[in-house]
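Here are my notes on the model you sent. Please read them with the sequence and the coordinates open.

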Amino acid sequence: MEEPKSTYIIGFEEIFIKEDPGNGRCIWCNKAQKFNTAHILSKKIIRKNHPSNVLKRSVCTECNSYFGNKIEDWFYKYSPLGTWANQLNRPANNILSNLKYVPNFLWSDQIKEWIIVHHDKVKDILATQILLNAENRLLTLHYDQSGSKQVNDVFKINLSIREKLINGEFTEYLDHKLPENFSPRIIIYKDKLILTTRTLEDKARLVSKVSAEDENSSDFQLAHINPNILDKLTIQYSWSLQRYFILCAKIGFEFLSQIIGQEFSQHRRFDDFKKGIHKARLDKIIIPFIDGKGYLVNRLTPPGWVGYVKTANSISGFPIMTGQKKNCHSIFIYSMQGYLLFDVKLFAIEPCQLIIAKNCNLNEVYHIEYDITEQSLRFFKLEKNRVIINKNLDFEKALDTIRNDQHLSMVTLRDYSPPSLLKQ
Ligand SMILES: [Zn+2]
């Protein structure tokens, strides 16, 4: 993608949404729907629900469970979304406690290794694990929230692991689809050992290495993992792009429906988009990665725009908006050159830019922000007579102005296109 021409800070003004009573038809399939209530942001990625996060009488039970079972649940099991949700929601909810154990593999830049993360009801979301690294040395990864665990304690753990291993007291998880640079390891899960490797050869290497070591061995190394893993673990080796696009598109479209009304979202111009979402083949597409790095080194999604409609070649660059608060789900809805655009970021981490429909002009730019820390859901719009502050002006002063006004949200805009949005 070409470099942005310029970056701006914009203040968006808060708006208040009236609850939409619904018109008794599903916005996704148009079936009559009288009673069902659907959550826009799933209850699992928010801490407290809000009236404007709910669509009444306008998403049928069938469509609702399609998104719930086929899309959202998948993420809590197999993607960093589950990890992030778990970490940010604690201790408010044990949100993922109903899941069976599914190992989740995330890349840590901190130690340059894959890490296995738990998703169910256990105290430490990072499993204690002993892995055999590329230099043929044993490394104990220990998730230590307080930082109080002594090296001696960890050696005790190592020794008990060694004993169990020699006695054959372990189960195995062998999967050749694990990344090639995945170090074979033993993880502890609810006091049980799980030997996790790509191949039988890896397994044999690991078992013989651990069996040969004792507590004095200099080959046992220890790494404490920083509990604040949000910013550091951002790559999962199996991440379904398609599901992620659908999840983000669903959230954007339902918020748009909430803001503008269901007559609007039932328009035929959205037929292609809805078909694309409902009839998608939900393959588990494994993202390309090199040494644990995903797209563009630190992303799980490809850069740039993904279209649910055919677009002209000339429109590759729309401006991209970013909210400036941490720990938020942030959604932008706007139109340019007749294309309806969603710019969605969950957990302020993975951006997703979608072209939803053609021949659709919105009069406003909408920003929806769910703040996980404050447990607030707020709606904003960009006013026609808005103030736009170019970054070449006094940046800090501009930030202060916007920060000090409770009813403004602060947004940066990277301008990848002729700035028609700014001239409207
Ligand atoms: Zn439906």
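1. Asp 371 stands opposite Ser 376, a residue of strand β19. This is a predicted model, and the pairing described here is read from its computed coordinates.

2. Strand β18 covers residues 365–371 and runs antiparallel to β19, with seven bridges joining the two. Four residues lie between the strands of this hairpin, and Gln 375 takes a positive phi near 55°.

3. Is strand β19 enclosed or open to the outside? Five of its seven residues (376–382) are buried, so strand β19 is largely enclosed by the rest of the structure. Across the protein, 39% of the 424 residues count as buried.

4. The largest nonpolar core has 70 residues. Those that touch the most other members are Cys 248, Ala 249, Leu 341, Phe 342, Leu 354 and Ile 356. Helix α5 (residues 241–260) supplies the largest share of this core, with 11 residues. Nonpolar side chains tend to be buried together in soluble globular proteins.

5. Which residues does Phe 342 touch, leaving aside those up to four places away in sequence? They are Cys 248, Ala 249, Gly 252, Ile 331, Ile 333, Leu 354 and Ile 356.

6. There is also a second, separate core of 21 residues. Among its members are Val 117, Ile 130, Leu 178 and Ile 187.

7. On the overall layout, the protein has nine helices and 21 strands. Of the contacts with a separation of 6 or more, 70% are between residues 24 or more positions apart.

Technical notes: Residues are numbered from 1 along each chain as its sequence is written. This is a predicted model: local features need pLDDT of at least 70, side-chain atom pairs count only at pLDDT 80 or more; totals for chains, interfaces and linings use all residues. A residue is buried if 20 or more other C-beta atoms lie within 10 Å of its own, exposed if 12 or fewer, and partly exposed in between; C-beta atoms are placed from the backbone. Two strands pair if DSSP finds at least two bridges between them. A nonpolar core is a set of buried Ala, Val, Leu, Ile, Met, Phe, Trp, Tyr and Cys residues joined through C-beta atoms within 7 Å. Two residues are in contact if their C-beta atoms, placed from the backbone, lie within 7 Å.
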